[in-house]
Every structure is written in C-alpha cells, then in structure tokens.
2 protein chains.
Amino acid sequence: MTQLRKALRPSTKALPEYTRGHNRSLVLQTLYRDGRRSRADIARETGLTRVTVSALVAELIAEGLLVELGQREETRPGKPATLLDLDRSAFVIVGLDLSEHSVFTGALLDLDGAISTRVEVELAGSTGDEALAKVVDLAEQLVAAATAPVLGIGVGSPGVVDLGGVVLSAPNLGWNGLPLQALLAERFGVPVVVANDANAAILAEHSFGGAASDAMLVKIGHGVGAGLLLGGTPLFGSRFAAGEIGHVVVGTDGGAVCACGKRGCLETWLSIPNLHARLDRPENADARERDVVLREAGERLGIALAPVVGALDLGEVILSGPTDLLDGALASATVETLRNRTMAEFHGSVTLRMTALGPDIVLRGAAVMVLSSRLGVS
Amino acid sequence: MTQLRKALRPSTKALPEYTRGHNRSLVLQTLYRDGRRSRADIARETGLTRVTVSALVAELIAEGLLVELGQREETRPGKPATLLDLDRSAFVIVGLDLSEHSVFTGALLDLDGAISTRVEVELAGSTGDEALAKVVDLAEQLVAAATAPVLGIGVGSPGVVDLGGVVLSAPNLGWNGLPLQALLAERFGVPVVVANDANAAILAEHSFGGAASDAMLVKIGHGVGAGLLLGGTPLFGSRFAAGEIGHVVVGTDGGAVCACGKRGCLETWLSIPNLHARLDRPENADARERDVVLREAGERLGIALAPVVGALDLGEVILSGPTDLLDGALASATVETLRNRTMAEFHGSVTLRMTALGPDIVLRGAAVMVLSSRLGVS
C-alpha cells in the first residue's frame with residue numbers, strides 16, 4: 001500500500017502557468033458582485049497572495065476598470081485601507097433583442113445590467129438583408145448615444161446560433177448561416193457576442209433573477225424556446241439547438257396541425273398567437289372558458305417538460321412571456337402536471353415561476369454575455 | 001477606444017498557481033490514451049515545457065505509475081529518445097455492479113478497463129444490512145484476489161446516489177441514506193467511488209464505447225434509468241436524481257398502473273419484467289405479435305425521450321440491456337418515434353444504438369470512475 005499512498009499523495013508544489021486571466025477574473029468578479037473592497041479583502045476572498053492582488057489591481061486601475069474610492073474608516077489603529085471598486089461608469093454595453101416578432105429592441109446598459117437609453121426599430125415584415133440592415137441601424141443609434149467606451153455588443157437572436165455567433169437558422173427572419181457576430185464586430189470595431197434569445201434570457205435570470213444552477217427558462221412568444229443552465233453552465237447541445245422544444249410533439253392524442261407540418265407540437269398549444277386565436281373564439285369569451293384554454297396549454301407544457309425535469313433533475317422552471325396569459329391558470333396547471341407526471345420523491349419539489357425581469361430579460365442577458373466574455377464576470 | 005483596447009488586450013504574463021495536479025493529469029492522460037511516448041513527445045502534445053514534463057515524469061516513475069520502455073529506433077542522427085508508458089500492471093481496480101436484480105457482480109480490471117477476475121454473489125432477496133454485507137463480501141473476495149495494489153474500488157449502485165457516494169434511495173435494496181462509499185473506504189483502506197449504475201455506464205460508453213459528448217444512455221433492466229453526458233461531463237442534477245426517467249408518465253392515453261401508484265410510467269411499458277410479462281401472454285406467442293409488443297414499447301421510449309432530445313439537442317441515444325429484447329423492433333420504433341416527434345432540421349439526425357460493451361458496462365464504468373478520480377484520466 002505504501003506505493004499506492006505515495007502515488008496518490010497530494011502535492012503543494014506549484015508550477016508557473018498562464019493563470020493570469022483567471023486571476024484577473026477572480027479580482028473583477030469579487031468586486032463586481034460586491035464592491036468597496038480593499039486589496040487585503042480581495043486577497044482574503046480570492047485566496048490569491050497580496051503581492052498578486054496588488055499587481056493585478058495596479059493593472060486594472062491603469063486600464064480604467066477599477067477606481068480607488070478613498071480610505072476606509074478604521075476602528076482599529078494603523079494605516080487605513082484604500083477601498084476599490086469597479087468603475088461602473090467606465091464602459092457601457094449595447095444589448096440587442098431580436099426575438100420579438102414585429103420589433104427589434106436595443107438598449108445601453110451599465111456594468112450592473114441597468115438600462116439607460118432604449119431604442120426600438122419596427123421590423124415591418126423585413127427579412128434577410130433588410131432585417132440585418134435594421135439590426136445595424138439599431139446598433140448604430142445606440143453606439144452613437146453611448147457616453148462611455150462600448151465594452152461590447154450583446155445580441156439575443158431567435159433561432160439556432162452557433163458558438164461563433166453565426167445564426168444557423170432563424171426562419172421568421174429568413175436567416176440561414178448569417179455570421180451576425182462577425183458582421184457586427186467588423187462594422188463597429190468592438191467585441192460582439194450573439195446567442196439564442198432564450199439562452200441569453202437564462203443567463204440574465206442566473207445573474208439578476210436568482211435562478212438555481214440547474215434551471216430551465218421557457219420563453220413563450222411568437223414561438224416557444226428554452227434556455228438551460230446545468231451546474232451553472234449554459235447548455236448549447238450537439239448542434240447548438242439545445243432548448244428547441246417548440247416543435248416537440250406533446251401527448252398521444254393528436255392536436256392541431258403545426259406550421260412545421262407535424263401535429264400537436266408544443267407551439268400549437270402554447271405560442272402566444274395560437275393562445276390568442278383560441279382565446280378570441282366566441283365560445284371562450286367568459287372567464288371560465290378562458291381558464292380552461294389556459295389550463296389546457298399549461299398542462300401541455302407540463303406534459304412536454306416532465307421527461308426533461310426527470311432526466312435532468314431540474315430544480316426550477318422559469319417562464320418568460322406575457323404575464324397576463326402565463327401567470328395564473330397556465331402556470332398552475334404546468335407545475336401540477338409536472339409533479340403528477342414525475343417521481344414525487346425527487347421531482348415533487350420542482351418549482352415554477354415567472355421571471356421577475358419582465359420584457360427586458362433578453363437585453364439584460366445580452367449584457368451578461370458581454371460582461372462574461374470580456375471581463376469574466378457574471 | 002484606446003482605453004477599451006488596452007483593457008481588453010490579452011496578456012502573456014504568467015503567475016505561479018497550483019496547476020501541478022492538472023499538469024500531472026495531462027501527462028498521464030497523454031500516455032493513457034496512447035502510450036509509448038518520449039518526454040519530448042509529451043511536451044509537444046501537452047504544451048508543457050520540457051523541464052516541467054521531465055520533473056513530472058521523474059515523480060511519476062518514482063511513484064510506480066510510469067515505466068521507461070527503452071529507446072526508440074531513430075531514423076535521424078542524434079541520441080535516441082527513451083519511450084515511456086503508464087505501467088499498466090502497477091495497479092488493479094475493483095469494480096462492483098449492484099444494479100442487477102438478483103446478483104451482485106464484481107471484477108478486477110486493469111488500467112485499460114479490461115476484466116480479469118470476475119466474482120458473483122447471489123442476492124437471494126437480501127435487502128438493507130444483509131445486502132450491504134454481500135457487497136462487502138464481494139469486494140473482499142476481489143481485494144484478496146488482487147495481484148497488484150488496488151488503485152480504488154468503483155461501485156455502480158441502483159437508485160439515487162449523491163456526490164459523496166451516499167445511496168440516498170435504492171428501493172429494491174431497501175437502502176435509504178446509506179453511506180456506501182465511506183463504509184467501503186473505511187473497511188478496505190483504499191479510495192472508493194460510488195455512483196448510480198446508469199451514470200457509471202455512460203462513463204464507460206464515453207471512455208470505451210465511443211459515445212458522443214452529448215449523449216444519453218438508457219439502461220433497461222428491472223427498472224429504467226438513464227445516464228447523461230453533456231459537453232463531455234456527466235450530469236448529476238439538482239438532487240442527484242438526473243436520469244431518473246423510469247417513473248415519468250408517457251403519453252396522454254392512460255397505461256398500466258405502476259408500482260409507484262401512477263399510471264403509464266415509462267417502466268410499465270419498458271422494464272424487462274413488464275416486457276416479459278406482456279410477451280409471455282398466449283396471444284403474443286407468434287413473431288408478429290411479439291414485434292407489436294416490442295414496437296409499442298419502443299414507441300413509448302421515443303415519446304418519453306423526444307422532449308429530452310429536443311431540449312438537450314442530444315446527438316446520440318444508447319441503449320443498454322438484453323439485446324434480444326431491445327435490439328430490433330424496439331430500437332427501430334424508438335428512433336423513428338424520436339425523429340417523428342422532434343424538429344427534423346436539427347434532431348432528424350439523432351442516432352440510437354445498442355452499447356457494444358454488453359453486460360460489463362457498469363463494471364467498466366466503475367473502473368473509469370476510479371481512473372478519473374485517482375489519476376485524472378479517462
């Protein structure tokens with residue numbers, strides 16, 4: 001056993017490596033979440049040496065990312081420590097939400113994800129290059145309005161987007177293989193991150209909305225899509241199409257014919273246009289009938305999600321979309337159905353709630369993408 | 001923009017960090033996958049400096065993990081390089097498979113996951129402490145049979161197992177909160193890793209069976225469970241119950257009453273005892289009726305998995321269990337159903353196959369768990 005024990009003994013010997021980027025992010029992350037720290041505080045919280053922290057802080061101050069706030073009022077004797085924070089006004093972020101059917105929305109956000117300027121561009125049925133021109137127009141207006149250097153542009157796009165920001169397929173916009181990230185980066189000369197809108201949304205929910213580390217956000221609008229966070233990491237899937245649940249068939253009892261040609265896809269039950277069409281029928285005019293329609297839609301969502309909750313052991317499902325339709329009979333029916341169709345012992349406590357971030361969720365997620373890719377914070 | 005560019009400029013300055021464990025694993029991993037490498041080969045393939053590699057190799061030789069094989073026959077002039085390999089006979093691994101209903105199986109495996117000695121212990125209805133005693137008995141026989149130091153004991157257990165190897169719930173064995181990993185580690189004085197059987201199986205499939213990085217293994221036996229690999233990493237879930245799909249209700253048209261009290265759970269369609277019960281009915285005696293039963297079970301598996309394939313964008317589903325029942329009408333019906341119920345554009349190419357690892361899959365997965373936790377290789 002001696003040989004074994006020796007082989008498996010942990011070592012404390014360190015070898016130099018390219019860990020500077022990681023350490024930089026540790027310092028920035030510490031201040032990002034909760035600013036007003038001294039160098040000694042940062043060293044204690046990150047586990048880095050004070051020498052390392054001092055060197056990194058000096059660099060980050062020179063780069064304009066950190067500022068010294070002055071000295072802490074000390075209760076103990078000795079030299080008071082100088083407090084540091086991220087210079088939250090040093091940069092702005094441009095966020096774009098292309099996920100709505102009739103309008104592209106953009107905003108300037110600060111490093112905390114708070115929105116200042118907001119701009120909208122009517123889509124008016126544009127597709128292809130015309131739709132792309134509207135994205136550029138929107139970004140142009142925001143970059144022009146920026147009063148600080150732009151840290152980056154984050155974009156939440158509908159459809160399937162690969163890790164290089166190429167929109168592989170966004171049928172409503174007529175985009176197939178559009179290298180949106182590269183085009184915007186070339187046009188504006190700043191770093192750009194493009195991701196699927198629901199993937200952006202789950203990042204916002206994780207950073208600003210308190211989502212659990214194993215959570216799914218279902219975004220219900222013109223289509224139905226989802227963003228998944230597993231162990232705190234977003235899931236992209238084998239063809240970047242993770243979360244594409246809108247055209248999964250729900251149940252074994254038929255359903256309406258979908259635009260995709262199949263029958264009973266989740267979108268036929270749950271998309272906002274389909275929900276409105278059903279609610280607008282004269283026979284569904286009164287409150288009770290309205291509730292039946294919403295409950296049925298919620299049940300279908302529960303039926304579709306039960307195998308996903310079981311397979312992934314999700315702790316939390318979050319809904320994003322029109323509160324007047326989703327928050328009530330629909331959401332209650334979804335969570336009841338989820339619990340009735342999974343293993344009570346382990347999945348009975350799965351929770352379901354509306355996002356608290358409202359319609360800005362994709363814009364804020366786009367900002368998180370920029371913060372994460374440029375500064376390593378989120 | 002100058003300030004921005006400066007802030008975001010990559011740096012090559014390195015700070016010392018505790019990366020030794022990582023570098024050790026890099027060296028071991030390089031040799032594990034494809035041995036017979038010189039120090040220079042390893043440096044080139046890992047990106048580590050030759051000084052770092054030489055120091056790590058010296059340590060690993062002293063620890064008995066690496067051996068020098070002699071010199072390579074060089075075609076070029078100069079001093080021939082000395083080839084290295086993992087000493088694949090330096091250690092053995094004990095693997096235990098507790099997932100079968102009537103028998104516990106154990107084996108000694110080498111560092112390549114090949115099985116030498118194999119031992120079985122009849123369960124004979126044992127549960128609770130009696131079943132635990134049979135696990136200890138099995139491990140004892142194998143440790144006694146080992147002709148080299150035991151690197152560790154890997155265990156694939158049915159039920160829900162947390163990351164500390166506590167079996168939270170294994171109803172068939174009457175285990176609730178059993179700290180199996182700690183008990184075996186204390187008893188045998190070697191490192192022990194306990195995980196769910198299907199999670200062990202997907203690791204085996206990834207290491208030895210060529211599973212994609214985004215894959216799901218469905219293990220069909222007395223119960224039905226799954227192991228998931230996402231981006232090459234096993235998924236555990238918010239309550240360690242990822243893959244527990246056996247009690248997800250399938251379809252919206254009823255089904256048989258399950259032992260859990262619900263109606264139409266996946267296990268009622270697909271577990272081996274339930275399949276046999278249906279196949280043994282006199283009216284299902286001929287080949288055509290048999291196929292109908294198997295196709296129906298396969299369709300139900302497809303219905304249950306379609307939302308999972310859509311949400312996760314899985315590239316591959318792998319089945320593990322009795323080939324005579326699964327490989328044929330059942331598997332074909334599953335993949336057809338999967339394709340018919342998801343988005344053709346992205347999920348139409350999902351593949352489904354039987355594991356090629358046969359009934360040893362959990363034993364080999366248990367070995368992977370030990371290799372991964374002790375040496376950082378897989």
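A pocket is found on a 1 Å grid over the protein atoms alone, as an open set of points with protein on both sides within 12 Å along at least five of seven lines, whereas a cavity is a set of points where a 1.4 Å probe fits but cannot get out; lining residues have an atom within 4 Å of a point. Grid points are joined across faces, edges and corners, and the volume is the space filled by probe spheres set on the points.

The model is predicted, with local features needing pLDDT of at least 70 and side-chain atom pairs counting only at pLDDT 80 or more, while totals for chains, interfaces and linings use all residues, and side-chain values use heavy atoms, leaving out hydrogens and water. Residues are numbered from 1 along each chain as its sequence is written, and chains are lettered from A and ligands numbered from 1 in the order in which they are written.

The lining of this pocket has 45 residues, and those nearest its centre are N172(A), H222(A), G223(A), V224(A) and E267(A). Sorted by class, the lining has 18 nonpolar, 20 polar and seven charged residues, where Ala, Val, Leu, Ile, Met, Phe, Trp, Tyr, Cys and Pro count as nonpolar, Asp, Glu, Lys and Arg as charged, and the others, Gly among them, as polar. At least two lining residues come from each of α7 (197-208), β12 (224-230), α8 (266-270) and α9 (272-279) of chain A, and also from α13 (344-347) of chain B. Helices (H or I, at least four residues) and strands (E, at least two) are DSSP runs numbered from the N terminus.

Consider α7(A) next. Two packed helices are described by the angle between their axes and the distance between the axes. The axes of α7(A) and α14(A), residues 361-375, come within 7 Å and cross at roughly 80°; axes are lines fitted to C-alpha atoms, for helices over the stretch in contact, and angles run from 0 to 180 degrees between N-to-C directions. The two helices α7(A) and α14(A) are therefore roughly perpendicular to each other, given that angles under 35 degrees count as roughly parallel, over 145 as roughly antiparallel, 65 to 115 as roughly perpendicular and the rest as oblique.

In chain A, five strands form an open sheet with mixed pairing in the order β13-β12-β11-β14-β15; two strands pair if DSSP finds at least two bridges between them. At the edges stand β13 (233-234) and β15 (351-354) of chain A, each with a single partner, so one side of each has no neighbour in the sheet. The antiparallel strands β11(A), residues 215-220, and β12(A) are joined by six bridges, and V224(A) in β12(A) is the bridge partner of I220(A). Helix α10(A), residues 287-312, packs on this sheet, touching β11, β12 and β14 (316-320) of chain A, and its direction makes about 160° with that of β11(A).

Two cavities of 30 Å³ or more are counted, and the largest cavity holds about 80 Å³. It is lined by 14 residues, with G251(A), I303(A), P307(A), I303(B) and P307(B) closest to its centre. Both α10 of chain A and α10 of chain B supply at least two residues of that lining.

Note on methods
Contact means heavy atoms within 4.5 Å.
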